[in-house]
Amino acid sequence: MGWVRVTTPLLFESKLLCISLLYLLTTVSLSLYISFSKRGCFFFSSPLIPHPLFSYPSSYGEHKHALPASHSTCSSPVFFSDYRIAFEEIHNICRNRSLSSMNYSSPVLSYLQGKGETFAGNFSAQKRRSFFNHEDDQDPVPCGFLRDFLAKESDRVAMEQCGGVVVVSAIFGDHDKIRQPKGLGFRTLEAVCFFMFIDDSTLKGLNSHNILAGADSDMIGVWRVIRLFAGGLPYDNPAMNGIIPKYLVHRLFPNAKFSIWLDAKLQLTVDPLLLLHALLISKDADMAVSKHPFNVHTMEEAMATARWRKWWDIESLRNQMETYCENGLQPWTPSKLPYTTDVPDTAMIARRHGMASNLFSCLMFNELEAFNPRDQLAFAYVRDMMSPQIRMNMFDVEVFEQVVMEYRHNLKREGAVPAAAAEAATAAKAARPIRRAEPVSIKGSKCENYLLKMWGEAIDDNDGD
C-alpha cells in the first residue's frame, strides 16, 4: 500500500503570516463597523430607540448649516454612567421628592401673586435686590406671571402632568428648526417630557412645509408643541418672550423635578437622563451650565455686547453695569473658586428643581426684564449675591460640544412677515439710532474699582507669562 504525502499550503506554513492575516481581517472589520456606525463609535451604554423619531419633508432641511465642532465622537471629556443606573437613580429621586412634597417636608419657594405693572412687576433695583437674601420660606418672591401668559387649557394640563424630567426649548420669529434629539435610551420617553414653545410666525413656517398643518396636531416627533399666539405674549421683543420658558421653567412645569433648557439652535446628542446624571447628580449640583469660550469677567461680556451690537441700547448697558457694581458685583478672582469664570454660555442649562435653583431663576428673570435678555450680564451678579447660595457646575466648553450639535439660525424665515412689511421693518430698524453711552472717565464711576481690579488681573497675568 502506497503512502500519500499531504503537504501544507505555503500560506499556512508561516505563523507570522497567519497572525498578520488575522490582524488585518480584524482591523478591517472594526474600521468598517466604526465607519458605518451612526455614532461613529462602537461603544454606548444605552440600548437606543431603533426607529426615526419624525420624518421631515425634504424641503424643511432640519440638518442644514451645522456648525463644525472639534471634539472626537469616540472620546468624551465627561463620564457617563451606565444607562440603567442613571435611569433608576433619577426615577428614585423623582419618586422620593414627590412623596416628600406630599408630606410638606421640603422647603417650597412662595411666589408673589396678583397683577403688576409688567409681567415681572417692574420693581426698582433696590426692591429686586431685597429678594436676594431669602431666609424665610414664607416670604413671596416675584417670579413673573404678574400679567397674563395665555396658553390652551390642554397645554396647561400637559405641562402640569410632567412630573419627572422635562426638556424645554422655544422658537419665536421662525428663527430656528425643530430638531429631534439623538441617542435616546429605550425607556427615556417614559421618564422625560419634551416641550417646544412657538409663536405665530414659527407656526406659519412649519405649515409651509406641511408640518402641524392639522388643527388638532400638537406633536412633532418627541416634541409637544405649545402654540403661543400674539395676544398671549407679554413682551414685544421675541427674545424676551423666549426668556420665560428658559428661566421660569419651574413655574410652567410645577411638578417637574429636573429640567434641561436647550436654545433652539441646538440638537441634543446625548440621552437627557445620562446628561443630568453626569452634570448634576454626580456633581451634587443644583444647576449646570457651560463656561463661556472666551470671556471671564462680566464687564468683558458687557463690552463685547456693546461692540458687536448684541443689544442696541448701549447707554442702558452702562447703567446696568453701574447698578451691579454699586450693589457689590466684583470681577472674577481666585477667591471665587471653584468657579473659574463669571460668564456662562447659557444655550443649555440643566437644573435640579429646588429652593436654590428656583430662587436663582426667579432673580435672574427679574434682572432680565429690568434691563435686557442678555442673561450672561446678570449671571454672576445673581449667583454671587443670592442667599442661600446655589451649587453650580460650570463645565468646560468641550463638554458642551460633546453633548449637543449647534446649527446656524434660519437664513430664510418661511413664517416671517411679507416682503413689503419686512422691508419696512428693516428700514425702521436702520433708522432707529443706536443709543450710545456718553463718553465718561472711569474716575468716580461706580465701576471704577471693578475695572481697576479687572485690568490689574490682566496686567499680572501678562507679566507672569
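A residue counts as buried when its relative accessible area is under 20%, as exposed when that value is over 50%, and as partly exposed in between. The views below all come from a predicted model.

**View 1. Phe-145 and Phe-149 form an edge-to-face aromatic pair.**

**View 2. Phe-119 and Phe-149 form a tilted aromatic pair.** A pair of aromatic rings is described by the distance of the centres and the angle of the planes. For Phe-119 and Phe-149 these values are 6.2 Å and 50°. The pair links distant parts of the chain, since its two members stand 30 residues apart: Phe-119 belongs to the loop between α2 (83-102) and α3 (125-130), while Phe-149 belongs to the loop between α3 and α4 (153-161). Phe-119 has a relative accessibility of 2%, so this residue counts as buried.

**View 3. Five aromatic residues form one cluster.** In the model as a whole, the count of aromatic pairs comes to 18.

**View 4. Lys-177 lies over the face of Tyr-60.** The distance from Lys-177 to the centre of the Tyr-60 ring is 4.7 Å.

**View 5. Arg-179 places its charged end over the ring of Tyr-407.** Here the charged end of Arg-179 is found 3.9 Å from the centre of the Tyr-407 ring.

Conventions
Residues numbered from 1 in each chain as written. Predicted model: local features only at pLDDT ≥ 70, side-chain atom pairs only at ≥ 80, totals over all residues. Heavy atoms only, no water. Phe/Tyr/Trp six-rings, centres within 6.5 Å; stacked < 30°, edge-to-face > 60°. Helix = DSSP H or I, 4+ residues; strand = E, 2+ residues; numbered from the N terminus. Buried < 20%, exposed > 50% of the residue type's maximum accessible area, 1.4 Å probe, protein only. Lys NZ or Arg CZ within 6 Å of the ring centre and 35° of its normal.
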